[in-house]
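User: I'd like to learn how to read the packing of helices in a model. Could you take me through it step by step?

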Amino acid sequence: TFEYFQLDLHRCNIGDAEITSLSESLKSNTTLTALYLGVTIGETGATSLSESLKSNTTLTDLNLSGNGC
């Protein structure tokens, strides 16, 4: 049975600090398969996110639409 777990942070008031914290969690993520980040991501957050995705093999759907950077 395939289980689909998603986190939708679209239009949430989060910034680079929260994206960086989330990115740390993504490094060891084994359940989240979809992440929707319709928020403005700065350079620090984008760097943290990209680094975390190098080791994440569970996340299959990343939506960055609405990112105002």
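User: Which residues of α2 are buried?

Analyst: Buried means under 20% relative accessible area, exposed over 50%, and partly exposed in between, with a 1.4 Å probe and protein chains only. In α2, the buried residues are G45, S48, L49 and S52. Their directions, taken from the helix axis to the C-beta atoms, fall within an arc of 100 degrees seen down the axis of α2, so they line one face of the helix. On the other side of α2, E43 and K54 are exposed.

A word on the source: this is a predicted model, in which local features need pLDDT of at least 70, side-chain atom pairs count only at pLDDT 80 or more, and totals for chains, interfaces and linings use all residues. Residues are numbered from 1 along each chain as its sequence is written, and side-chain values use heavy atoms, with hydrogens and water left out.

User: What covers the buried residues of α2?

Analyst: Helices (H or I, at least four residues) and strands (E, at least two) are DSSP runs, numbered from the N terminus. The cover over the buried residues of α2 includes α1. Take S52 as a case: its relative accessible area is 0%. Contact means heavy atoms within 4.5 Å, and beyond its neighbours within four places in sequence, S52 touches S23, L26 and K27.

User: Which residues of α1 are buried, and what covers them?

Analyst: In α1, I19, L22, S23 and L26 are buried. Seen down the axis of α1, its buried residues fall within an arc of 105 degrees, so they line one face of the helix. Their cover includes β1 (6-8), β2 (34-36) and α2.

User: Which residues make up the largest nonpolar core?

Analyst: In soluble globular proteins, nonpolar side chains tend to be buried together. A nonpolar core is a set of buried Ala, Val, Leu, Ile, Met, Phe, Trp, Tyr and Cys residues joined through side-chain atoms within 4.5 Å. Here the largest one has 11 residues: L9, I19, L22, L26, L32, L35, L37, V39, I41, L49 and L59. Helix α1 (residues 16-27) gives the largest share of this core, three residues.
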